[in-house]
Every structure is written in C-alpha cells, then in structure tokens.
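Student: I would like to learn how to read a model of this kind, one feature at a time. Could we go through it together, with the general idea before each case?

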Amino acid sequence: MARSPLTGTRIRERRNALGLKQAELARASGISAAYLNLIEHNRRRVSDALIERIAGAMGVDPVTLGEGAEGALFAGLREAVASLELAETGGGNGAGGTSQAAPDLDRIEEFVGRFPAWAALLVNRQARLAELERVVETYAERMAQDPFLLTSLHEVLSAVTSLRSTAAILVETEDIEPEWRARFLNTIQEESLRLSGTAEALVGYLDEMETAETGLSSPQEQLEAWLEARGWHFPELEGGGTDPAELIAGAPELASSAARELARGHLQRQAEDARALPLDPVLAALAELGPDPGALAARFAVPLAQVLRRLAALPEGAPGLGQPGLVVCDGSGTLTFRRAAPGFLLPRFAAACPLWPLYEALARPMQPIRALVDMAGRLPQRFLTYAVSEPRPTGFDGPVLMRATMLILPAPAQSADAPARPIGASCRICPRGECPGRREPSIVADASAGRA
Amino acid sequence: MAQRQVLLIEDEPHIAEAIRFILTRAGWTVSVLEDGARAIARITGDPPDAIILDLMLPGRSGLEILADMRADAALRDLPVLMLSARGQGRDRDAATRAGATAFLAKPFANGDVLDQLEAITGGGAARREPA
C-alpha cells in the first residue's frame, strides 16, 4: 500500500521527540539504520507491517504515523484553497473583496504534520461552509424551480383572481339578479376553501423544508451517513420478510422525507439483490472463484450490475473484497450512489473525474470493463475496478435510461507492476497536469513534474 | 353596430364566469373555451373580434396558440389580450415577443379587463392604458 512521504517525516519527528537515536530505533524495529534513514527522508515506501513494528518500538499508536486521516486532511485543505480561489474570481466587486494571499500549497505537508489539530479544524470548517453554501443553493433553486411551489403559487393567484373579480362584481353591480348573486356567493365560498387548502399545504411544505434542511446535509448524504453507520449491510434483509419501512422508521439519521424515500429505494434494491444472490452461496462462491464479478454473474445467472452491488453490500470481511467502494451514476453522469473505498476519493459536490471507468462504461453500454486505476494523490493509490452500464427497464416506447455501476476493490498484490490508468477525484484538486480529460485548471501543482 | 364577439380562453371556471359577466354587461358577446388544444380550430372556424387568452392552459399553452395565430395570415391582426398568473417579468416579455396586443397580470381589477379589451379593439369609451 502506498504511503505518504509524510510518514517518514513523522517517524523522524517522533523519534527525535523521544530522544531515540536512529540506530536504536532501527535495531528495535528489526531493520538497518541505513534503511530507516531512507524511510525517514521519505525515500522508501513503508509497509503496514513495518509501520506497526516501528510504532511498537516507539510505543506510539501506528495510526499516528500512517496516512489514514491525513489523506482526508490534504483533500479537505485543497478544497478549502480551491473554494477561496473560486470566491475571489467570482466576487471581484463588493466591499468584502480584500485580496487574500492564497496559502502556500507546497507547505501543506508541513502544515498538516506540525499542526494536525488546526488542520483538522480548518477542514472541518471548510466542510461546514460547503454544506451551508449548499443549503443556500438548495433554497435558491427551490424558490426558482420547485414544481410544488410554482404550482401552489399558481393556485393561490388563480383563487385570489376569482375572489377579487367575484367580490368586486357583488359590490359594484347594484342591480344584480338574485340567481347571479347566489352563483357568485357560491363562487366565493368555493374559492375561499380552495385558498385555505392551498395555504395549509404551503405552510406544511415550508415547515418540512425547514426540518429537512436544518440537518445541513442533502438527502443523499443522510442516506450515506446512515448506511455507513450500519456497515452498508443489513442482516435483516437477508432472509427476506423484513419490510424496509421498519428499518427506515428507526433511523434518526434519515431526517428528511426525501432521504427516507431514497433509503426505501435503496433497501428495496438491496433486498432484491439478496434474493438473487443469497448470502451463504455467495460467500462460498467468493471463496471458490475469488472476487471475480464476471464468474459470479455466470454462476448465479444474474446481471453483472447486480453482482457489483451485492459485493459492496456483503458483511465486512468477505474474502478478497477489503473495504469495497461502489459508485452508481445515471445517464447525466450524476453520482446517485456513493460508497467510498479508503483512498479512493469521491468528490463531495463537484463532478467527478471523466477518466473513471464508470463513465467509459456509460459510453459503452452493456460492455463489462475491468480496469486497474491509479488514483491521483501525493503518491498514487492503486485499485481494481469493475464497471458496466445497463439500461433501466422502462418498457417499450419508454425513455432510454442508462445506469452505470462501478465496484472499487483494492488492487491485487500481483498487479503492482502492471500498467494502470491514471485517474483523479475531481479536476480542481487533481495534480495531474498533462491530462486529456482536464476540464478546468487544478489548484495543485503537477506532482510528477515537481518531484522528478 | 352588431354586438362584438370576444373569445375567452381560460381554464379556471370561476375566473371565466366573472369575466363573462362583466363583459356581457358591457355589451360584448362572450364565448368561453377551457382547453388550449382546440383553440386554433375554433378561432379559424368562427373568428371573433378579439381574444382574451390565458397563458397557462391545459392542452396547449397560450404562447403556442398566440404564435400559431401570428403565423397565420388570416389571424395575424386579431387583437389578443394575454392573461398570466405569473406577474410582470418574464411572462410579460414572452407574451409581447409572441405578439400579444396587451397583457394583464392576475389578479386584476374587473375594470382593467374591460378597459384593455376596449383599447385593443379601438372601442369608443376606452380609457387608454399606458403601454
């Protein structure tokens, strides 16, 4: 597994802090002093096992030396810088436009290494800011396009128009015939009822909008948080018989009705997948065939996409899967489902990298695509991906709706020297300078050019 | 002079009824159509002196109907008063571009409908509205 160059720096800092000599630590860790020296100067990658030995020799938690949390910190800090630049180019006018020097990205490692808590706080604030911006956007979008609001407004205006006209007729027409008067009074009664019904519905809708959005996350994020907390697997759905609605009812994370609706659809699909690919036979087949979606699809005679989904919804510890990731997108490329694999960065709101095999699959319907990929980062991380896109059943004469699914697995050890496709998370935070897929400049210097 | 004919194309029955009442009392003969889809056939078959056209209609939108009329040599000059529940901005522009003779936002005063109708048909007692 690729390690951040920072790991070496951290080992050196820890060792110095403890007053240990390089030779002492090397001996205690069972490696030569020269090798430790290379590691401390970030010239050698360090295996997980060796990190544990070195951490053990120093009596510290191995997590504090590894990349783990830092990867997310780096990505978060880059996002913060990216949003700063966006705000400056977007808001050239206005009194608040004091130009602020952008932080020095070259020193990002130093910053994270020396002030991890401050860095985490900054990343945390950045995430919160992005969430708030999203809430504002959502509200603005709602006001402008929300079909419910538009329809209700039209209803209100129509009712008010007939009320106003009818009332004016009754007041202004002195010689009105009794039949007409009765008819118009009836109109006023009917339109008043309609108006109060619409007003009630509007108030209820606005109330719900408020409760749904104060959680400060989109329905999709609420669903993801819930699935993450549940380990992406529901034993209740395995035997059948459990109504997804019961599972959803007991989930405080699913704050909005939209999130509950998403969860219902997801659980229904997951239950179908569990029926088509029952747990015990799947685990047995995995042990026999290895994590090969193609072979599994043939063995159980089910669509490939179903196998990909099922493999990302098995209980933790299934052989060969590690912590799998899964992304699903619709024909517009919008990610409709996201389970992140550790190290495989998923953009929070921005569009993803066009080089993902997911999008290749979208362009080549029904053709299974297996690809080794290197996810850009300070040191690339390698994954094995399986992707396929299949049409959603909409019947004859229905619209053609494609859905692409990509399973993300850790790369097998024997693929370390194989050629892999370079990909990223999203252009703004991707260091790959010479990329044919680039759609906007990156805020990160080209790492390969810088380090060569 | 024979009674003048106006065709009111409006899907809200109570609004249509109120307008019909007001215009009838002012001496107009009012026919009402609730559905946009049949509008053009009706107008061609029995051309009125003016049309009051709602913008949001079931079947076909008022803008589409208006565009068809303006593309038809026989209906090109027929005065059309456009009604919309969506205020002044975009709908008014769209209606003007599509060739509406006048525009009125809902809710409106009853007198305004009559005034506008008189104005676009060159009627006698019309108090002219500023453009």
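Student: In which sense do strand β3 (residues 369-375) of chain A and strand β4 (residues 381-391) of chain A pair, and over how many bridges?

Tutor: Before the answer, some conventions: this is a predicted model, in which local features need pLDDT of at least 70 and side-chain atom pairs count only at pLDDT 80 or more, while totals for chains, interfaces and linings use all residues. Residues are numbered from 1 along each chain as its sequence is written, and chains are lettered from A and ligands numbered from 1 in the order in which they are written. Helices (H or I, at least four residues) and strands (E, at least two) are DSSP runs, numbered from the N terminus, and two strands pair if DSSP finds at least two bridges between them. In this case β3(A) and β4(A) pair in the antiparallel sense over 7 bridges; A:Leu372 has A:Leu384 as its bridge partner in β4(A), and A:Ile369 stands opposite A:Ala387.

Student: Which strand pairs with β3(A) in the parallel sense?

Tutor: That is β6(A), which pairs with β3(A) over 3 bridges, and in β6(A) the bridge partner of A:Asp374 is A:Pro422.

Student: What is the strand order of the open sheet in chain A, and which strands are at its edges?

Tutor: The 6 strands follow the order β2-β1-β5-β4-β3-β6, with mixed pairing. The edge strands are β2 (335-339) and β6 (421-423) of chain A, each pairing on one side only. The twist from one strand to the next averages 25°, where axes are lines fitted to C-alpha atoms, for helices over the stretch in contact, and angles run from 0 to 180 degrees between N-to-C directions.

Student: What surrounds A:Pro422, and is A:Pro422 buried or partly exposed?

Tutor: A residue is buried if 20 or more other C-beta atoms lie within 10 Å of its own, exposed if 12 or fewer, and partly exposed in between, with C-beta atoms placed from the backbone. A:Pro422 has 18 other C-beta atoms within 10 Å, so A:Pro422 is partly exposed. Two residues are in contact if their C-beta atoms, placed from the backbone, lie within 7 Å; leaving aside neighbours within four places in sequence, A:Pro422 is in contact with A:Asp374, A:Ala376 and A:Arg432. A:Pro422 and A:Trp356 are 66 residues apart in sequence and 9.0 Å apart in space, C-alpha to C-alpha.

Student: Which residues of helix α4 (residues 48-58) of chain A are buried?

Tutor: They are A:Ile51, A:Ile54 and A:Met58. Seen down the axis of α4(A), these buried residues fall within an arc of 70° (the arc of the directions from the helix axis to the C-beta atoms), so they line one face of the helix. Just after α4(A), A:Gly59 takes a positive phi of about 70°.

Student: Which residues touch the most other members of the largest nonpolar core?

Tutor: In soluble globular proteins, nonpolar side chains tend to be buried together. A nonpolar core is a set of buried Ala, Val, Leu, Ile, Met, Phe, Trp, Tyr and Cys residues joined through C-beta atoms within 7 Å. The largest has 54 residues, and those that touch the most other members include A:Leu308, A:Leu326 and A:Leu407. Leaving aside neighbours within four places in sequence, the contacts of A:Leu326 include A:Leu308, A:Phe337 and A:Leu407. A second, separate core of 41 residues includes B:Leu8, B:Ile22, B:Ile65 and B:Val113.

Student: How is chain B built?

Tutor: Along the sequence, chain B follows the pattern β-α-β-α-β-α-β-α-β-α. Its 5 strands form an open sheet in the order β2-β1-β3-β4-β5, with parallel pairing. In chain B, β2 (28-33) and β5 (102-105) stand at the edges, each with a single partner strand, so one side of each is left without a neighbour in the sheet. Helix α3 (residues 62-70) of chain B packs on the sheet, touching β3 (50-54) and β4 of chain B, and its direction makes about 150° with that of β3(B).

Student: How many residues of chain B are in contact with chain A?

Tutor: There are 15, and they are in contact with 14 residues of chain A. Helix α1 (residues 13-25) of chain B gives the most to that side of chain B, with 7 residues.
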